[in-house]
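Here is a short briefing on one structure.

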Amino acid sequence: MFNFGIWTSEFNNFLLGFLPEWLTVVVECVLIAVLVLLTYTVLALFYILYERKLCAWFQCRLGPMRVGKWGLLQVFADMFKILIKELISLKDTDRFLFKLAPYIIITSSVVMLACLPWGNGLQIIDYNIGIFFILAVSSIGVLGILLAGWSSNNKYTLIGAMRSGAQMISYEISLGLAMITIIVLAGTMNINQLVWEQDSAWFIFRGHIPAIIAFLIYIVAATAETNRGPFDLPEAEHELVAGYHTEYSGIHFGFFYLAEYLNLFIVSGIASLMFLGGWMPFHIPGWDGFNHVMDWIPSIVWFLGKSFFISYIIIWFKWTFPRVRIDQMLAFEWKYLMPLSLLNLVLMAVCVALGWHF
Amino acid sequence: MSDIKEKISQICPSATFTEGETLMVTVEEKDWYPLAKALKETKGLEFDVCSAVVGMDWKDSFGVIYYLTSTSRNWEIIGIKIPIPDRKDPMIHSVSDLWKVCNFQEREVYDFYGIKFINHPDMRRFFLRNDWKGHPLRKDYDADPKLNPVPTEDEKNEDDTVTYVEDEKGKVKAVKGKVFGADEYVVNIGPQHPSTHGVMRFRVSIDGENIKKLDVVSGYIHRGIEKLSESLTYPQILHFTDRMDYMSAHQNRHCLCMCIEKAMGLVVPRRAEVIRVMMDELMRISSHLLAFGCTAMDLGATTAFFYGFREREMILDIFEKTCGARMSMNYNVIGGVIADIHPDFVKDVKELIRIMPDRLKEYHKVFSGNIIAMNRLKGVGILPKKDAINYCITGPSGRGSDWSCDCRKKHPYSIYPELKFDEVLLDGCDSYSRYMVRMKEIEQSCRILEQLVDQIPEGDIRAQVPKIVKLPVGCWYQQVEASRGTFGVYIESDGTKNPYRVHFQSPCFNLVGVMDLTTRGHMIADVITICAALDFVIPDIDR
């Protein structure tokens, strides 16, 4: 399996050849930051097109077709449009918080993006408590939404923010419990080690029944975390116009929009990391020839492929299911999903303790 | 008929009777309220439905005409005429406590004629702005634009309302009230809102997510159709009907044409009748498909919306080929239809009938059977049968409350008596029942089309109509079953080529009247669900 770490360490040595050590670190940090932001934008653009084309397909339509071949350039046109839009400033808003909110949201999702294992040796932040860090950072996003709803001084945004606060805090519990279930199986919170643990087989196969239950819980909770249908109540456009970001315009609105798509990618990326082996190719223990062929496919392709597949599922049910109501949504979490994930955690612990896993 | 006269004479000896197409009873204002109470509550009369309220200005006096229907007397309909001689300060007793539907109806009359209703709980204008000067349907109304210039300032939110209360001595005094309390959290839904399906505005007082009260603010696209009609000739007023409930354009226009034909004594050729009924049913399918799509979309299921529109497109294509337009078809005319059907008509309709059963199954698979959709629709917006009758909620919404109110069965018109179809009734009384009634009515409409598509007779498409249409002196009331309920047209003629008074009794006007009743205690999201399941069309309310 090709290790991208070879390239990065060679580049590091190359820089050290003519720069002092502190400057090397600075240059590398700047390069990484540029790279992350670039990836962020490109991925967001890809996701916007991806969702538009997919939903068009579900709805017997063609989707964007005019700009470029099959409408491939449509998203670029949209991006430039949103960049040149006026930022409308409103009367009676809390200006500082109003402007701060989109940056909080985008920061939290950029940081999460940096934690993902892109490929063998392609990882930016690798703590020993990596998963814990991701969970912590993801909660900052809620703050941005609450601030946006509060500072806009609008009744719709306030209701949207209220809903999203209730929703995200509730579903974070199930999300965390589903992840802890896998951590119990893996015995580590380090992202790199998590991937290597799945060398023999992915966790969803190794942990069999509890892992599959955890996967389903994760997908539901992640959909709620990203405010996507059927849990898109905070921005339910048929009830609250646009929910918490009703009053935003121009690129500030664009930040919410980008973050929403990127969060979709991030939760899919985490799902592929926790359940489907991250960048680890599909391995079947004992089938060495087959495993070797799988290794020929670059690890970054595996990671992106898995993430896009999970995103596909999430997009699919967004465009199929109606929206749930706030009381139904909270009842679902607190009465069904959370007890189930607690039970599942116990089940996994028993399995691990008795060695009933692969 | 005769026993009604007897019974009314017993209750109110001074009543006079005019025999027309329906019995018209004229009573004095002081006898009106006791008579109304007796008509509703006396055994053997039981006029439990108030079908229409028409304000009138007979130049020497004002007046109100109530059309009452008795469901227990085989849907017999009578008109009650109450003249109000006092032109300075016209007043009449409100019957909104007997028939709840009169709450909004009487506000409309107050708005147009300035007739004050004593004991009405909420005597505000309904369509026009609160600062509007004059009452436009009065015959002596001054239409000078200087009086009511185009406003350059926003209308203030006025929470003031008034009730006219009568004391023992018969003196009437105004008691001021408030619509919302000062400490209530009031959220606007509308006038520009994605889910009100038009420019409708609800002011909603909420407690967290729960609705405490809902106030309907209407009139944002009021066009004064009734006022306009008074200065136009009969053929000229036809096109207004397509622009009220644009999803029942054919039925509405059918109704107005029938009313005029009835007054003229015109016989419509058989071919035209068949074509009219087929168009009515196509329109009904198209309307219910839109209702399906919008319900799905309002609940967040965007894909189902496109499925509904895919089939609706076929119907619009049929309309386009025959009528030359996809909306506002202007197809029915006095005496028949304006143009013959397109050569492809029969083929296209057969194709539609062929595919519909499968497509309906698909809708149920993608939306109706979905657990989230069921949870959102079931038990939401409960409207018991007695309230449906009292608020005169006709059409699919009424039938979802198990009220048999199909005008095609109760007051059969055109060729409907010859056709075999079932009236769909469900007893859930909630949004889910209303939604399912629509889906099942699509099947019934297909059944009607199936019976007619091979039976379109040869012949004229139009009767011979005089160049200038004049109606004899008198008044007529005609009802049809439009897509959303019973649509009524009242015409009063003074013998000239212009109508003296035209009133359109639109079903959506009554539908919006139950919004407050059905939404109370529910959540914000349910307002949208209830709107979608009641399925009102705003231009039909505002006219």
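Strand 3 and strand 4 of chain B make a hairpin with four residues between them, and B:Lys59 in its turn has a positive phi of about 65°. Helices (H or I, at least four residues) and strands (E, at least two) are DSSP runs, numbered from the N terminus. This is a predicted model: local features need pLDDT of at least 70, side-chain atom pairs count only at pLDDT 80 or more, and totals for chains, interfaces and linings use all residues. Residues are numbered from 1 along each chain as its sequence is written, while chains are lettered from A and ligands numbered from 1 in the order in which they are written.

- Strand 3 (residues 49–57) runs antiparallel to strand 4 of chain B, joined by eight bridges; strands pair if DSSP finds at least two bridges between them.
- B:Val54 stands opposite B:Ile65 in strand 4 of chain B.
- B:Ile65 also stands opposite B:Lys81 in strand 5 of chain B.
- Nine bridges link strand 4 to strand 5 (residues 76–84) of chain B, again antiparallel.
- The hairpin of strands 4 and 5 of chain B has five residues between the strands, and B:Asn74 in the turn has a positive phi of about 55°.
- Strand 4 (residues 62–70) of chain B has eight of its nine residues buried (20 or more other C-beta atoms within 10 Å of the residue's own, C-beta atoms being placed from the backbone).

**Strands 8 and 9 of chain B**
- Strand 8 (residues 160–166) and strand 9 (residues 172–178) of chain B pair antiparallel over seven bridges.
- B:Glu166 stands opposite B:Val172 in strand 9 of chain B.
- Five residues lie between these strands of chain B, and B:Gly170 takes a positive phi near 90°.

**Chain B overall**
- Chain B holds 18 helices and 17 strands.
- Its C-alpha trace spans about 70 × 60 × 55 Å along the principal axes of chain B.
- Of the 543 residues in chain B, 47% are buried.

**Core and chain contact**
- The largest nonpolar core has 237 residues, and A:Ala221, A:Leu262 and B:Val64 have the most contacts inside it.
- Helix 7 (residues 270–298) of chain B gives the most to this core, with 15 residues.
- Such a core is a set of buried Ala, Val, Leu, Ile, Met, Phe, Trp, Tyr and Cys residues joined through C-beta atoms within 7 Å.
- The contact between the chains takes 23 residues from chain A and 24 residues from chain B, where contact means C-beta atoms, placed from the backbone, within 7 Å.

Methods
Buried ≥ 20, exposed ≤ 12 C-beta atoms within 10 Å, placed from the backbone. Contact = placed C-beta atoms within 7 Å.
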